[in-house]
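Let's take a walk through this protein, starting with the overall fold and then going inside.

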Amino acid sequence: MTDAATLQSIRETVETHDVVLFMKGTPVFPQCGFSSLVSRVLEHMGVGFHAVNVLEDMDVREGIKVFSDWPTIPQLYVKGEFIGGCDIVKEMFETGELKALFAEKGVEAA
């Protein structure tokens, strides 16, 4: 069971940064293909983001799943709103919805 302190820490991270990617690994050294893909999409779009490596803390790894009620990682948050995982981000990128979302939320993209 995830403790309240972990959930509060996740909430603070999501609220503090405009764009947060909870991922396996880091943008420089992703540890899974799905995390790598979402990270590359954001970098391609020129969107600055805060990455959280869930492999460094099992509480965060399990806590983010509880926080979002979403079972998989990576998870993308924009302005505090959960957007989705790899498949959703990929589809939104391909259709132009992701660029529109960033514009709507006031997040700068290239």
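Here is a short tour, from the overall layout to one group of aromatic side chains.

Keep in mind that what you see is a predicted model. The protein chain is built from five helices and four strands. Follow the chain from the N terminus and the elements come in the order α-β-α-β-α-β-β-α-α.

How does the overall size fit with the chain length? For 110 residues, a compact globule would have a radius of gyration near 13 Å, and the protein chain comes out at 13 Å, so the two agree. Along the principal axes, the C-alpha trace spans about 40 × 25 × 20 Å. Of the 110 residues, 39% count as buried. Look at contacts between residues at least 6 apart in sequence, and 62% of them join residues at least 24 apart.

Now for the aromatics. A search of the whole structure turns up four aromatic pairs. In one of them, the ring centres of phenylalanine 22 and tyrosine 77 are 5.7 Å apart with the planes at 75°, so this pair is edge-to-face. Because phenylalanine 22 belongs to strand β1 (residues 19–23) and tyrosine 77 to strand β3 (residues 75–78), the pair ties together parts 55 residues apart in sequence. Both phenylalanine 22 and tyrosine 77 are buried.

Key. Residues numbered from 1 in each chain as written. Predicted model: local features only at pLDDT ≥ 70, side-chain atom pairs only at ≥ 80, totals over all residues. Heavy atoms only, no water. Helix = DSSP H or I, 4+ residues; strand = E, 2+ residues; numbered from the N terminus. Rg over C-alpha atoms; globule rule 2.2 N^0.38 Å. Buried < 20%, exposed > 50% of the residue type's maximum accessible area, 1.4 Å probe, protein only. Contact = heavy atoms within 4.5 Å. Phe/Tyr/Trp six-rings, centres within 6.5 Å; stacked < 30°, edge-to-face > 60°.
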